[in-house]
Amino acid sequence: MEQPEQEPDKPSGTEPDTDVPASAYRFTAQQIYPDAINPGPDASLTGTIDAADPDAAQATLAGLQLRVVSLEPAQTSGPTRPVRGGDFLAFNQQLAYMTEAGMPMEQGLRLIAKDLSGGRLSHTIQRVADELQAGKSLPEAFASHKGAFPPLYGAVLEAGVRSGNLPGVLMGLGRHLELMQRLRAAVWRAVAYPLIVFLGVIVMLGLLGAWLVPQFREIFDDFDTRLPVITEVVMDVATHMPAIVTVVALVGIVFFTSMAALRAAGKEQVIFDKLLWLPLIGPVISRNLLSRWCDALGLGLQAGMDLPRALDMASHTLCSGPLQRDTGSMISTLELGQPISQDADLRFVPAAIPASIELAAQADDLPAMMKNLSTMYQQQAEARVAALQLVLGPILLVMVAIIIGFIISALFMPMILLMESLM
């Protein structure tokens, strides 16, 4: 609940906060003081509170020594949009510096919200501070806005508070977010390059089919002779080229629209999971995933989580099907009291990782080991991206040369045959 600033005679129907949860209630209330120091009606407070029903909201406000003047359901505008990566990274860094300076979490959140000067993120952070003040725990406060923040963000913060190292956990989380952004960018570069070249080839073929080939068709009609097979193939393809380009364009629009929607919802990993088994691109994505997973696992361990809980957090953070399956298998193995290095049910996670986890656990050095593994897979992913670009460049150039050479040969072969027959 918010301890809002004083507002003179603000009516209960004031513009509502349009981005609050569906169980939120907008209230106007007055602090209960002894009559001798009652500040009067101008000291009204307004804000929002989460509750199961109006009676529960009234009881919560009364417990906070507030006399309710008005209470009504807050209007909603659909699901909360996720905070963009750059905005969230900046927010997390500010919060890390404030907690490192010894500032209470609630006060730090309010200052960050004020610094943002309005907007969706500012309102969301303000509401998290309100819920902390109303007595909610960190996981509960952030879970109320789970659509805006990364998965299990509140749980990581709670673990940092329990371990007494919240600033360090926030700093580690910021480093993890930077790593995720860098590796995601590397994957996008690896995928985008062949896609752009492919689209360029399609556009080139479309232009040839719409402008150049029809002119040769008119010339060949005057020959009154049977055309070579490759020429007939090129002519037939050129005839249907507008339809082919249209289909490819529609598929491209659907693909990029779907990717944008999944990325906005934080679920683009669903598409990348389908590319894991492709040559060239698959190894880049798999090592990217392993690096981020190891880093997330190390972050959970650094925050004071036990191994099964840290594994679960890392799995849910990445939302990758193969990783979630293998992580679930490792958690089940641990719950049975068996060493995870002997887990034979792993299909995606290399056997070296559970073996390293087991050895590091015995040496009480798990967070450092996971950081080292994350760095190793990050370097492998970046090296494969560089190698992929070096390999794809010549391959795509050769493909373009073959296509152009095939078209030129098909268009000029009838002329060569005609000249040979005349000689």
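Predicted model: local features only at pLDDT ≥ 70, side-chain atom pairs only at ≥ 80, totals over all residues.
Now switch to a cartoon view, where the chain shows 15 helices and three strands. Of its 423 residues, 41% are buried. Among contacts with a separation of 6 or more, 66% link residues 24 or more positions apart.

Next, select residues 307–318 and 321–335, which are helix 12 and helix 13. Their axes come within 9 Å and cross at roughly 170 degrees. Angles over 145 degrees count as roughly antiparallel, so helix 12 is roughly antiparallel to helix 13. To see what joins the pair, show side chains: helix 12 contributes L307, P308, L311, D312, S315, H316 and L318, while helix 13 brings L323, Q324, T327, M330, I331 and L334. Coloured by class, this contact has eight nonpolar, four polar and one charged residues.

From there, move to the largest nonpolar core, which has 47 residues. Good ones to pick are W293, L297, L323, I353, I357 and M370, which have the most contacts inside this core. Helices 12 and 13 each supply at least two of the core's residues, as do helices 6, 7, 11, 14 and 15. Select 281–302 to find helix 11, which gives the most, with ten residues.

Zoom in on L297 and look beyond its sequence neighbours up to four places away: L297 touches L307, A310, L311, A314, I357 and M370.

For a last stop, select M105, L109, V128 and A148, which are included in a second, separate core of 27 residues.

Technical notes:
Residues numbered from 1 in each chain as written. Heavy atoms only, no water. Axes fitted to C-alpha atoms, helices over the stretch in contact; angles between N-to-C directions. Helix = DSSP H or I, 4+ residues; strand = E, 2+ residues; numbered from the N terminus. Parallel < 35°, antiparallel > 145°, perpendicular 65-115°, else oblique. Contact = heavy atoms within 4.5 Å. Nonpolar A, V, L, I, M, F, W, Y, C, P; charged D, E, K, R; others polar. Core = buried A, V, L, I, M, F, W, Y, C linked by side-chain atoms within 4.5 Å. Buried < 20%, exposed > 50% of the residue type's maximum accessible area, 1.4 Å probe, protein only.
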